[in-house]
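Thanks for passing this one along. Here are my notes, as numbered points, to read beside the model.

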Amino acid sequence: LTYYFVWPKKIVVPLAPLHQSIIDELHRSEPAGVLYVQLIETKEVDKGNNYCRIVLGGTEKKSTISTSQTPVWNEEFQFLVEDPSTQSLFISVRDSRPEGIPHGKCGVCTIPVDSLVDYYEFKSTWVPLSEAKKGSIHLKILYKPFHSKGSDNLNQQLARSTSLGSGDISPMFVSAPSSNMLSRKKAKQSSSVLIKGYLFVTVHKARDLIIADFNSSDPYVILQLGSQTFKTSVIFSTLNPVWEQSFEFQVSNPDEDVLSLRVMDKDTLMKDDPLGDLEIDIRDLREKGGKLT
């Protein structure tokens, strides 16, 4: 009789060990630098209602739509660069059309990031557009690495670990370029904000957290800087969670901004419980060379 029934069976499938290079890649969370792009204008582009689609790696940004036959944008964008030796900036000039109609392509260009590494000021250039009969785009570009060749690596220059109660994070402050490129972006709730730098935070792990549930906790971390808020994932049923998650903040006032971190316990039916708090002054982080203990 049992032949005619399908019984649940537990099948254990061993996983092949990961090569060390794959493990290193999975743990690589620190960017190599920031690419600043000023989109100035285009000329001799055939169609109107143009906008630009700008892509680096998995990050895509778009300019506003210009109705002029000779569009001038003067818009600024920033991209995190993981590997300047392999990544390229891709720009596509497109023609905006009514909803439901595919947008037309007016020309494209590609700029390898490694062609910019020897420039210490903004490179102003007219780039010809391919896949078009004519046309070019005016850009000002600067690649700013987080550390130069021959210097200590990023982990040695900046904070490798900071005590979060009984946990570890890596805060890193990077100044924006000179004042003529301080980017103005619209804040989520209000007017434009002057960006003076970027804060990169990696939440590594926590240890010996308090028990908030029956015999364990379900911890996660809330990170806040001004109106910017991020959360890590929830690690269930542990007092020693490991996150290894990274976040990026825009810093408008490095002399007064404070990074706040709160470890929380996730509850399903009740309000989440706080497990610990930490505040880091960006000013202290800068004055101590990025290292806090």
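1. Let me start with a cysteine. Cys-106 is buried, with a relative accessible area of 8%; buried means under 20% relative accessible area, exposed over 50%, and partly exposed in between, with a 1.4 Å probe and protein chains only. Cys-109 also counts as buried, at 3% relative accessibility.

2. A word on the basis of these notes: this is a predicted model, where local features need pLDDT of at least 70, side-chain atom pairs count only at pLDDT 80 or more, and totals for chains, interfaces and linings use all residues. Residues are numbered from 1 along each chain as its sequence is written, and side-chain values use heavy atoms, with hydrogens and water left out.

3. How many disulfides are there? The count comes to 0, a disulfide being a pair of cysteine sulfur atoms within 2.5 Å. Cys-109 is in no disulfide either, with the sulfur of Cys-52 the nearest at 8.3 Å.

4. The largest nonpolar core has 25 residues, and Leu-35, Leu-89, Ile-137 and Leu-139 touch the most other members. Such a core is a set of buried Ala, Val, Leu, Ile, Met, Phe, Trp, Tyr and Cys residues joined through side-chain atoms within 4.5 Å. At least two of its residues come from each of β1 (33–43), β2 (50–56), β4 (72–81), β5 (88–95), β6 (104–112) and β8 (136–145). Apart from this core lies another, of 20 residues, including Leu-225 and Val-263.

5. Leu-35 is worth a look on screen. Leaving aside residues up to four places away in sequence, Leu-35 touches, among others, Leu-56, Phe-77, Leu-89, Val-113 and Ile-141; contact means heavy atoms within 4.5 Å.

6. For the chain as a whole, there are 3 helices and 18 strands. These are DSSP runs numbered from the N terminus: helices are H or I, at least four residues, and strands are E, at least two. Of the 293 residues, 40% count as buried.

7. Finally, confidence. The mean pLDDT (the predictor's confidence in each residue, from 0 to 100) is 77, and 69% of residues reach 70 or more. Strand β14 (residues 219–225) is highest at 94, while strand β11 (residues 184–186) is lowest, at a mean of 35. pLDDT stays under 50 over residues 149–165 and over residues 178–192. Where pLDDT is low, the predicted coordinates should not be read in detail.
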